[in-house]
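Me: Please take a close look at one part for me, the pocket lining. I would like the residues and helices in one connected account.

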Amino acid sequence: MNQTRPGPVQYALLALLAAAFLYPIWWAVSSSLKPAAEIITDPLSPGPVTLDNYRAMFADVPIGTGFANTALVLAVKGAMTMFFCPLAGYAFAKYAFPGKNLLFGIVLLTLMLPTLVLIIPLLLEMSALGWVNTYQALILPGSIDAFSIFWMRQTIAAIPDELIDAGRVDGASEFGVFARVVLPVIRPGLAALAVLTTMNIYNDFVWPVVAVNDTSHQTLQVVLSTLAQNVTGNRIGADFATVWGELLAAGSIAMLPLLVIFVLLQRHFINGILAGSVKG
């Protein structure tokens, strides 16, 4: 098939779009390396490079605790999502059982419920279980979510039934068919789900701030939300420029993990999104 290669105009437009998306990141990082006073007096121009904002931020804010808690929640909750949701999607896509369509419809209906509607019932449940201010409260709710099940169901539904039947004929168990036949085929979809799951867990703020008020269990996003109060509380006479300098330093560090993950998995993520967009 003949494919038309992008011309100079298309490349110029793509370069402008890339610059528009990358400029806020560049500004945040470059401003975090400037003296705090110059962030206010000259916000658009690069200044002399200094690490004072980062040193002060690490001294004033428990960002290391936030990173550690977020890493723990991300590892356990993400592993649960990536293990159970593909299995549920496989069952909905390739198995016939009574009430299958009704049950899948109920799963889809939960997508229509706003997160705020579920907060009070979940908080009451966590309180009844004695899990408030625990890692269980941060990890278990939402670890098996409707969108991930739907995504996996749509991805697995495109696999030919003959391929799965061939695995069964060769003597593989049902889990063996899933692990050796299905998983290698849906690898792009799994990569896309991994990126989306990582972003959702990493950026989650509403539920962690409700379920945990103990500083030793706060995730990174909760720590960042209280950064200004921590700076002004730990340093007498801290001015507006100081707060902004430490905010930009913390924000620059916080966005690095997501940027690295997306850069490493962007090819699989895009392939998974494109593949999922044409599944029926």
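**The lining of the largest pocket**

Reply: Happy to! With 6 residues, α11 gives the most to the lining of the largest pocket (helices are DSSP runs of H or I, at least four residues, numbered from the N terminus; a pocket is an open set of 1 Å grid points where a 1.4 Å probe fits, with protein on both sides within 12 Å along at least five of seven lines, and lining residues have an atom within 4 Å of a point). This is a predicted model, in which local features need pLDDT of at least 70 and side-chain atom pairs pLDDT 80 or more, while linings use all residues. Numbering runs from 1 along each chain, and side-chain values use heavy atoms without hydrogens or water.

The volume of this largest pocket is about 820 Å³ (the space filled by probe spheres on the points). Its lining has 29 residues, and closest to the centre are Thr 115, Leu 118, Pro 141, Gly 142 and Asp 145. At least two lining residues come from each of α4, α6 (115–129), α8 (146–157) and α11 (187–203). By class, the lining holds 17 nonpolar, 9 polar and 3 charged residues (Ala, Val, Leu, Ile, Met, Phe, Trp, Tyr, Cys and Pro are nonpolar, Asp, Glu, Lys and Arg charged, others polar).

For contrast, the second largest pocket has about 250 Å³ of space, and its lining is 8 nonpolar, with no polar and no charged residues. Leu 22, Ile 25, Met 199, Met 255, Leu 258, Leu 259, Phe 262 and Val 263 make up that lining. Here α15 has the largest share, 5 residues, and α1 (8–32) also supplies at least two.
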